[in-house]
Amino acid sequence: MKRFISSIPPLWYGLVFTFIAAVLSSALAEVAPFSAMGALVTAILLGVFWRFTAGVPEQALPGITFSSRHLLRLGIVLLGARLHLEDIYEAGFNAFFIAASGLLIVLLFIYFAARALKIDKTLSLLTACGTAVCGASAIAAIAPIVKAEQKTTTASIAIIAVVGTVFSVSYTFLFPYLEMNAYEYGVLSGGTLHEVAHAVAASEAGGTVSEDNALVTKLTRVALLIPVALVIAMLQGRKEKQNSHAIPVPWFIFGFLAMSLANTFNLLSESTAAFMVSASYGFLGMAMAGFGMQMPAASFKTISLKMLLVAVCGSLLLSFFGYVLIEAML
């Protein structure tokens, strides 16, 4: 048996892990209490449980990483087949303003609060960007610009992974008590949660309307990674030719919009669109499971408790600020 397992390519081995977890989470989501959370949040929790109980073999890590990164983006692109451009238009300036203003306020709050507590400058900046913009993706983009050490980058990602997962699970339970409609809850999820995965998972509690608007709002924040990275690069005093390659363009946003465009102009048949959406949920489930399976256990030792506290306070501020703006503007 061991010889057979060792003969499996690492990529496929890890994909099987996330596929099994996605199938199990989909089944668990049919029964209480998991039905209140939905399949995607359940997949994250199942991935975390799997990692800290049975453990994840080293051989499976490449496939798990592939799921949490590439299948997540593929799932988001295919999910665009459910949207019409008028849905994006209807989200309008208000949703953009909520996302952009929350990003700016929380980024500055976390950074300067952390610096006031004499926390390392680079760790403060990376955690601020991860909370305000788009989680680990933002940290990965900013880290080379500020020449962050690996242990600092890992610690900030660990903080965002823990805080973001806790908040996304909390949102699903709070939704019935927030007195928000599906559209407002979607904007709240997309405008205040850390990772794309967190926003997608939490918004499932509000149904398709909530998911659609969470994605649109969250992808707005993801797109803002580019100007944020450029500003930080300029503040670091680096030359344009040295840092231009370090700022990744979130191309999956354009794929998402392209799918929405194709659906808007009826370039996709109903059956094709339905298949793409179903495949999207399968890929997203695998991505969420992979996300949970990569919860960094060893890196918890490097986490600054003060930085973790500031990240929690910043996340609470972002959630509260987003909720107030939504109630006032939408």
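Mentor: In helix H15, the buried residues are Met307, Val310, Ala311, Gly314, Ser315, Leu318, Ser319, Gly322, Leu325 and Ile326. Buried means under 20% relative accessible area, exposed means over 50%, and partly exposed lies in between, with a 1.4 Å probe and protein chains only. Helices are DSSP runs of H or I with at least four residues, strands are runs of E with at least two, and both are numbered from the N terminus. This is a predicted model, in which local features need pLDDT of at least 70 and side-chain atom pairs count only at pLDDT 80 or more, while totals for chains, interfaces and linings use all residues. Residues are numbered from 1 along each chain as its sequence is written, and side-chain values use heavy atoms, with hydrogens and water left out.

The length of H15 can be checked. Its 25 residues, 305-329, should span 36 Å at 1.5 Å a residue, and the end C-alpha atoms are 36 Å apart, which agrees. The expected span is 1.5 Å times one less than the number of residues.

Now the rest of the chain. The protein chain has 15 helices and zero strands, and buried residues make up 52% of its 330 residues. A contact means heavy atoms within 4.5 Å. Among contacts between residues at least 6 apart in sequence, 81% join residues at least 24 apart.

The largest nonpolar core has 92 residues, and Ile76, Ile142 and Met288 have the most contacts inside it. Such a core is a set of buried Ala, Val, Leu, Ile, Met, Phe, Trp, Tyr and Cys residues joined through side-chain atoms within 4.5 Å. Helix H6, residues 121-142, gives the most to this core, with 12 residues. Leaving aside residues up to four places away in sequence, Ile76 touches Val196, Leu215, Leu219, Phe252, Phe256 and Leu284.

Aromatic rings come next. The whole structure has six aromatic pairs. Rings of Phe, Tyr and Trp (its six-membered ring) pair if their centres lie within 6.5 Å; planes under 30 degrees apart count as stacked, over 60 as edge-to-face and the rest as tilted. Tyr13 and Phe17 make an edge-to-face pair, 5.3 Å centre to centre with 80° between the planes. Both are buried, and they sit four residues apart in helix H2 (residues 10-28), about one turn of the helix. Phe93 and Phe96 form a tilted pair, at 6.3 Å and 40°. Those two are about one helical turn apart because they lie three residues from each other in helix H5, residues 85-116. Phe93 is exposed, at 56% relative accessible area, whereas Phe96, at 35%, is partly exposed. Ring pairs also link Trp50 with Tyr13 and Phe17 into a cluster.

Last, the cysteines. A disulfide is a pair of cysteine sulfur atoms within 2.5 Å, and a search of the whole structure finds zero of them. For Cys129, the closest cysteine sulfur is that of Cys134, 9.1 Å away and therefore too far for a bond. Cys129 is buried, with a relative accessible area of 0%, while Cys313 is partly exposed at 34%.
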